[in-house]
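Please look over the structure shown here before reading the briefing that accompanies it.

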Amino acid sequence: MHCISLPSSHLPLYSPPKTSFKLACHVSPRMSLNDNNNTSSSSGNGFSLINNISKLLWGPSLPPGLLISTVRTAWTSTWQLMMSQLAPSDPSGGYTRPPSKFRLSRQNPTATSTKIHLYVGLPCPWAHRTLIVLALKGLEEAVPVSIAAPGLDGSWEFKDLPDKDKSWDRDILVPSRDKVNGCRNLKEVYRLRKGGYNGRATVPMLWDMDKKEVICNESYDIIEFFNSGINGLAQNPGLDLSPVELKGKIEEWNRVIYPNVNNGVYRCGFAQSQEAYDAAVNGLFSTLDRIDDHLGGSRYLCGDRLTLADICLFTTLIRFDLVYNVLFKCTKKKLLEFSNLHGYMLDIYQFLGARPSIKDDSRISTQISLHLNHLKQAQVASHVKELGDFWLPGSLKNPEL
């Protein structure tokens, strides 16, 4: 479970105003990621987009019907090209997530006997879970972090922002330079390993600083390792997010949540057939209904104790209304409309925000998920309101829209 950046920030269709804002716990999330308070201007954005494309390509005389057909065809071609590279599908058109290349063996002594470094990308929910566990366990000093951002070509890039860009909000993590290897992008880091590497350069990634080797790029392996593998380096070694007595329940929930929710939102967004989309969206919302019912009688998934299963679910839920509902057409229901899920998400958010090791030291866990500029780095989300049904190609529609 990992993230590869989507190569969409360079799409020439529209460049929205550069705005960023935070989500307060008691404010309903916005359907649009554009922070625009001008109603009349907002309602004209779609016309302006079509008009600008028309003038750019053909001048003012192109019939609207032909223009719409042309834009739809161009967007479909772009979508299919992007999906063929980043979201491989099975014969039915369903998204198939490639397995992680580098796994962490529980018997592997390397990770516990060497200097390690964590590479993450802020928009990525899989990387977010590693940052949360890192902070809860108090591993900030033992495991330094380099933060990448999506680049124009879809790769994870490092940026050394000027001090003036870092100082506007000290509670917000921002992309950084590569603090260990000085590379320009994550692909260069992967290639430093012995024998090189030409595969997918994904986050999160745990790096062996001494041997210059990839230790692991599977997010769940990493959070299990942070939870119990290096307690000798942790400031909070007594915290166990996967206690022996709850491991069975945690694994049971993971088998439900990963395919249907964590990966389910991507199966909805990356579906390349109506059949695949219907299966994904039905699986997603039936699972959310099941979890919502369960939470009616339980504070967390496994009772009154926060576990790794909750953290894995949280990093998807915190992005649901703001990103997945809009960008991936997970529109059957907003998280805000569930009886228990929304309150559960806020409960975890408030719990994480109250932890001294997060708030006073690393500020890692919750703030990054609430800085919406990071959640919409790829900027495809900014096109959704204007493009409407162009977002999914062909006859792929959501009847709930």
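How are helix 11 and helix 13 oriented to each other? They are roughly perpendicular, a term that covers angles of 65 to 115 degrees. This is a predicted model, in which local features need pLDDT of at least 70 and side-chain atom pairs count only at pLDDT 80 or more, while totals for chains, interfaces and linings use all residues. Residues are numbered from 1 along each chain as its sequence is written, and side-chain values use heavy atoms, with hydrogens and water left out.

**Helix 11 and helix 13**
- The axes of helix 11 and helix 13 (residues 341-353) come within 10 Å and cross at roughly 110°, the axes being lines fitted to C-alpha atoms over the stretch in contact, with angles running from 0 to 180 degrees between N-to-C directions.
- The contact (heavy atoms within 4.5 Å) is made by D310, L313, F314 and L317 of helix 11 and by L341, Y344, M345, I348, Y349 and L352 of helix 13.

**D310**
- D310, which lies in helix 11 (residues 308-317), is buried (under 20% relative accessible area, 1.4 Å probe, protein chains only) yet has no salt bridge, defined as a side-chain nitrogen of Lys or Arg within 4 Å of a carboxyl oxygen of Asp or Glu.
- The nearest side chain of opposite charge to D310 is that of R299, 9.0 Å away, whereas the D310 side chain reaches the backbone nitrogen of L301 at 3.0 Å.
- Leaving aside neighbours within four places in sequence, D310 is in contact with Y300, L301, R305, Y344 and I348.

**D293**
- D293, found in helix 10 (residues 274-294), counts as exposed because its relative accessibility is 61%, the cut-off being over 50%.
- The C-alpha atoms of D293 and L341 are separated by 8.9 Å, although these residues are 48 residues apart along the chain.

Terms used: Helix = DSSP H or I, 4+ residues; strand = E, 2+ residues; numbered from the N terminus. Lys, Arg positive; Asp, Glu negative; His and termini not counted. Polar contact = N/O pair within 3.5 Å; in protein donor to acceptor, adjacent residues only side chain to side chain. Parallel < 35°, antiparallel > 145°, perpendicular 65-115°, else oblique.
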